[in-house]
Amino acid sequence: MEKQNFLAVDIGNSWYKALASDNGIFSEYQLPNAIALFDGEFYEKPYDDEDIILEENLIVEVKSPAVIDKREIFYIGKGAARQRDVSLTGFNNQKVDEDRTYLLLFGLAAYHASLQFPEETDINYSIDQLAVSLPTTQYKERKSRLRDKLAGTHTVIFHKVPGVPEPKELTVKLEIKEIIVGAEGACAYLGLTRDQETLEIKNEELVKESQKGIIIGDLGGDSVDFVGIKNNRPVASVEGEPFGINQFLDNIIQRVSKKELFRFDSRAELEEKLAAGQSEWYVEPFAGVRKDISKYIIPQLKSMAIKYLEHFDRVRSSSTEIKGAVRYIAVGGAAKLARKQIQEAAVRWSERGRPIELMFPEDMEKLNVQGLMILAKMNQLKKVQGNHVISTKG
Amino acid sequence: MFRTYTDYVNKTALTLPDKFIDVRTGESIEVLPKVLEQIEYHSNNSTLIHLVLTALNSYLQPKSINNGNSLLLEEIREIKRMMQMGYLPRGNGQIGKGPAQLNETSNLDLNEVEDVLEAFGG
């Protein structure tokens, strides 16, 4: 088979998670969902190019039919999170219609391409299969529009690239050949049950359980996506909800800012702290002054956990197709962060006689993107085998 | 504790804390006795400004001193770049788990593939 490039991107409201496979070599990225306008006047020149990490200093200009060309230049990801005018996602945002989706997605793809050709400043990179996800609430209506906008050729210009001679620019021309869109949550099921390499089923037990029914609750930044699985396929009647960890993160940020005089640059910064574990739950508003912030974090995670389980309970009793579900699975980055609080809240549901026994799979925050990669590969397989069948017939 | 060193002849004064923050790495570093000794010597010698400028010069342009080792530095930079990329060099073809390349002899049949694509993708 010819050499192929696959890219799978989970377009999260707090993080973009990407898996790339270039001729069989895997790479993995994650980028905070943050953008900020770049202003050359405020750009601090570094002492030395080698002090700069490109990933933390992505300054992009995107020329693409998917975004209106205002010739604007943006920080994306970590660099954006550090700017004063950073823009994070709004509640219940429509991913397909927002420019930020394309700025971040193409920027991330171009960054990946630039790492494949570190010596070049004019890169042509083609993606044979791009797999992206949408929340279940936006999936049905908008997937074809998303596919149309992503298809074709897009140009990303990186500005102020360290290690590149003046004008310090790097141009990446992305050609996206085929696109497949998956639903958040449903993709996690693929990631759980199928092997990344062979694409075959690796978890027979779970597939068997799906005969009786499985419910997956994918807790993200601004949406919780519930997917019912019956007989190894998603069930149509289960829907997602606009609810996620971001509102709780914003509460924590507000309280810490008011009471401890410490301002987080972004949700991503707080989330990294949460992920690092309780030993890291402090801030330093002044050098050498450590303030414990667990008293702001724990109540917020608790109330998120309670609401998450309430949604879970409502979903399992609202769908007739999935009524007898035998397994409930928690996935998504936010569920991982609040695992302890969710388990505690689950005890209360058992006491009330409506037990919600959740399973927390390994790599639960990455299952969606893994599932997307499987979709990308299968889409390619279909194309190739389809051609093969035709050629033997003819 | 702060201590001030002065070179009155050249109007240079330097106040030293016990610790300082490295402006490139953000680390907090103790002022070495050797540094104190040098500063003391140069302030008595009325050459404090020259010491400061020499130190800044070599700090901000470290490469100019090391041109003898440029080949070595180039090698190290290459290794650093590879480490930052976090992957094996291209062309090697595999990472750990064997070939990730899709192969045509996959045991999946086309029906199963189409079934999954229809159910999960669009």
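Visitor: Hi! Before anything else, what does it take for two strands to pair?
Guide: Two strands pair if DSSP finds at least two bridges between them. One more thing to know at the start: this is a predicted model.

Visitor: Thanks. So which residue in S9(A) is the bridge partner of A:Thr153?
Guide: That partner is A:Glu175. S8(A) pairs with strand S9, residues 170–183 of chain A, through seven bridges in the antiparallel sense.

Visitor: What is A:Val60's bridge partner in S6(A)?
Guide: In S6(A) it is A:Phe74. Strand S6, residues 74–76 of chain A, pairs with S5(A) over two bridges, again in the antiparallel sense.

Visitor: I'm getting lost in strand names. What is the order of the strands in the sheet?
Guide: The order is S3-S2-S1-S7-S9-S8-S5-S6-S4 in chain A. That makes an open sheet of nine strands with mixed pairing.

Visitor: Which strands stand at the edges?
Guide: Strand S3 (25–32) and strand S4 (35–37) of chain A do. Each has a single partner strand, so one side of each is left without a neighbour in the sheet. From one strand to the next, the twist averages 35°.

Visitor: Let's zoom in on S1(A). How many of its residues are buried?
Guide: Seven of its seven residues, 5–11 of chain A, are buried. As background, side chains in a regular strand alternate between the two faces of the sheet. In S1(A), one side holds A:Asn5, A:Leu7, A:Val9 and A:Ile11, the other holds A:Phe6, A:Ala8 and A:Asp10, and both faces are covered.

Visitor: What joins S1(A) to S2(A)?
Guide: A hairpin does, running through three residues. Strand S2 is residues 15–22 of chain A, and seven bridges hold the antiparallel pair S1(A) and S2(A) together. A:Ala8, for example, has A:Leu19 as its bridge partner in S2(A).

Visitor: And what stands opposite A:Ala8 in S7(A)?
Guide: There you find A:Ala131. Strand S7 covers residues 122–134 of chain A, and S1(A) runs parallel to it, joined by four bridges.

Visitor: New topic: charges. How many salt bridges are there over all chains?
Guide: The count comes to 22. In general, side chains of opposite charge can pair when their charged atoms come close. One of these salt bridges is between A:Asp128 and A:Lys177, at 3.6 Å from N to O. A:Asp128 is in strand S7 of chain A and A:Lys177 in strand S9 of chain A, 49 residues apart, so this pair links distant parts of the chain.

Visitor: Is A:Asp128 buried or exposed?
Guide: A:Asp128 counts as buried, because its relative accessibility is 11% and the cut-off for buried is under 20%. A:Lys177 counts as partly exposed, at 43%.

Visitor: Where do A:Glu365 and A:Lys336 lie?
Guide: A:Glu365 is in the loop between strand S16 (358–359) and helix H11 (367–393) of chain A, while A:Lys336 is in helix H9 (residues 333–337) of chain A, so the pair ties together parts that are 29 residues apart in sequence. Their side chains meet in a salt bridge of 3.2 Å, N to O. A:Glu365 is buried at 16% relative accessible area, whereas A:Lys336 is partly exposed at 43% relative accessibility.

Visitor: Which residues are in a network with A:Glu61?
Guide: A:Lys63 and A:Asp69 are linked with A:Glu61 in a network of salt bridges.

Visitor: What about chain B: which side chain meets B:Glu40 in a salt bridge?
Guide: B:Arg3 does, at 3.8 Å from N to O. B:Glu40 is in helix H1 (residues 33–44) of chain B and B:Arg3 in strand S1 (residues 3–7) of chain B, 37 residues apart.

Visitor: Last one! Which residues make the nonpolar surface patch?
Guide: The patch is made by A:Tyr47 together with B:Val23, B:Ile49, B:Leu53, B:Leu56 and B:Leu60, and has an area of about 570 Å². B:Val23 is in the loop between strand S3 (19–21) and strand S4 (28–30) of chain B. B:Val23 is exposed, at 57% relative accessible area.

Methods. Residues are numbered from 1 along each chain as its sequence is written. Chains are lettered from A and ligands numbered from 1 in the order in which they are written. This is a predicted model: local features need pLDDT of at least 70, side-chain atom pairs count only at pLDDT 80 or more; totals for chains, interfaces and linings use all residues. Side-chain values use heavy atoms; hydrogens and water are left out. Buried means under 20% relative accessible area, exposed over 50%, partly exposed in between (1.4 Å probe, protein chains only). Patches are made of residues with over 30% relative accessible area and no salt bridge: like charges are joined within 9 Å, nonpolar side chains (Val, Leu, Ile, Met, Phe, Trp, Tyr) within 5 Å. Accessible areas come from the Shrake-Rupley method with a 1.4 Å probe; for residues, only the protein chains shown count as cover. A salt bridge is a side-chain nitrogen of Lys or Arg within 4 Å of a carboxyl oxygen of Asp or Glu. Axes are lines fitted to C-alpha atoms, for helices over the stretch in contact, and angles run from 0 to 180 degrees between N-to-C directions.
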